[in-house]
Amino acid sequence: MPIGDLQIPIIGKNVVIASLVQSHILFAAFIIGAVLIAATSEYLGLVTKQPHYERFARNLARFVVLLFASGAALAITFVLALVTLFPVFFSYLQNIFFWVFLVEAFMFLGQIIIVYAWYNVWDKLAYRKSLHVVFGFIAGFFGLMAMTMIDAVASYMLTPAEAPVTDVARTFLNQTMVPLNMHRFVGNFSYAGFLIAGWGGWRYLRSTRQEDREYYDWMGHFGLIWGFGFLILQPVIGYGYLKGIRESSPDAFETIMLGEQAWHFNVLVILIAVMTIASTAYFVHKLRFALTPMPVLRKLAIGALGFTALFTLLNIIPSDADIAPQIGLVFLEGEGTKIPLGAMYPWKYIGLIGLMLVGFFILTLYLRATAGGFRWGQASRWSQYALMACAVTVVLTMIDMGSTRESARRVDHKPAGNGGGYLIYNCVTMGQKVVNEGCPAVVEENGEKINTINGQKVPEGE
Amino acid sequence: MIETLALLEPNTIGVLRLFAALGLILTFFSGALLFTYWISKDE
């Protein structure tokens, strides 16, 4: 029975898949990060006996339980859309990653069961708190494993292993699987942390009771430590991921770093600038409320804020005047007009490494002050706006980075079909056709070439 | 309209679809977040 090639009017089928997957990821990443942050907070509550850790962990667990419905509904809708709109491609994926999808489904199931159990036995296990904390970490572990499985698929689509697809280990551990997984592992904490901080900021501004103001002020601070702390690890992990893409799929690397999709990184550095400057400014402000006055620490923090602004500015400078030709953002002679301070080497390296070092420095100062305690409930309005700005910005960063990875396979919109490019790099086109030339899954057996993606013999001369 | 869109060059239609996807993602995300907040706020 022939399979129809369904088209979606006006927006096209790629937009349908992108919007469903990206929305799902925004929930899934938050749930994984939030479960682990909540479990850690519950543990900190157990150790320190400070009640806000317990209150925070329980409220976050309840929110995650409720949010699970939306995340799961989007995931199922996405799979349905993929089967309907890309049936041939999905059948190839299912063949290659049968075990991976199966394990992922069970990890997802395990995560649901344990998250619900974790929240529901909160009072029942009140006197066996250590056991209850373990529930939270196991739920987080299941979430991480589900993410690991889908990362194998996502990374394979961009950097297919140079091996037959029947080589399960090499297909699973393809060239960018580990860096992508690390990038997302760290990203989950940062993303969830910034969203928690933003929520804390919003609730702080809406609260009238002093007790609530103190709690939400603390929540903003706690979320930001997770958000910013993990954000500053991302440049070096992201660099490792990009290095993997450059070595395995150089044309895709060119497309996202220098080609027509390079504007994604211009947007990224602007978003990073907003997050790092807002976070550092928040830290500087908060140091005023340290229980033990720390004037020297605060002066150092102000210096760090200046360096953060300097390094982020260095990152924002584009390499040439051809910024985003798609929307007419081309100045002077476009690509011909080079901007010396925008070159990757040495300026972007200086900018990124500098940003990380200053980030570690300010975080160390802030954690030092945190150990002594703060006066809660006295933060200014603008410091809470900074937290909310971080929350909005981190969502846009996630969308921008997801779009970058998926656009990398559209090298010059070739080969043609459904907007052009590949679904599996060099192996399956956007039009769901298997190509043999350059596909690393083609192997030679008994003197004849076989494309292991579809199991077909490669015609003579290809 | 569908024919007109099909005739546009990939970059032009790409920009339109990029913003369409961005709008849809933000709508789904904020809609589900607000819904979750609404069902949980009285607890």
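Does Lys338(A), at 57% relative accessibility, count as buried or exposed? Lys338(A) counts as exposed, because an exposed residue has over 50% relative accessible area. The legends below describe close-up views of a predicted model.

**Figure 1. A salt bridge between Asp320(A) and Lys338(A).** The side chains of these two residues meet at 3.7 Å, N to O. The pair links distant parts of the chain, 18 residues apart. Asp320(A) sits in the loop between helix H12 (295-316) and strand E1 (322-324) of chain A. Lys338(A) sits in the loop between strand E2 (329-330) and helix H13 (344-372) of chain A. Asp320(A) has 11% relative accessibility and counts as buried, whereas Lys338(A) is exposed at 57%.

**Figure 2. A salt bridge between Glu42(A) and Lys129(A).** The N to O distance between the two side chains is 2.8 Å. Glu42(A) belongs to helix H1 (residues 12-48) of chain A and Lys129(A) to helix H5 (residues 129-158) of chain A, so this pair ties together parts that lie 87 residues apart in sequence. Glu42(A) is buried, at 0% relative accessibility. Lys129(A) is also buried, with a relative accessible area of 13%. Both residues are placed in the buried class because their values are under 20%.

**Figure 3. A salt bridge between Arg55(A) and Asp212(A), and the network around the pair.** The side chains of Arg55(A) and Asp212(A) meet at 3.2 Å, N to O. Arg55(A) is in helix H2 (residues 51-85) of chain A and Asp212(A) is in helix H8 (residues 210-231) of chain A, so the contact ties together parts 157 residues apart in sequence. Arg55(A) is partly exposed, with a relative accessible area of 29%, whereas Asp212(A) is buried, at 15%. Salt bridges with shared partners join Arg55(A), Arg209(A), Glu211(A) and Asp212(A) into one network. Over all chains, the count comes to 13 salt bridges.

**Figure 4. Thr255(A) and the residues that it touches.** Thr255(A) is part of helix H10 (residues 250-257) of chain A. The relative accessible area of Thr255(A) is 6%, so this residue is buried. Leaving out residues up to four places away in sequence, Thr255(A) touches Glu260(A), Gln261(A) and Ala262(A), and also Ser407(A), Ala408(A), Arg410(A) and Val411(A).

Methods. Residues numbered from 1 in each chain as written. Chains lettered and ligands numbered in written order. Predicted model: local features only at pLDDT ≥ 70, side-chain atom pairs only at ≥ 80, totals over all residues. Heavy atoms only, no water. Helix = DSSP H or I, 4+ residues; strand = E, 2+ residues; numbered from the N terminus. Buried < 20%, exposed > 50% of the residue type's maximum accessible area, 1.4 Å probe, protein only. Contact = heavy atoms within 4.5 Å. Salt bridge = Lys/Arg side-chain N within 4 Å of Asp/Glu carboxyl O.
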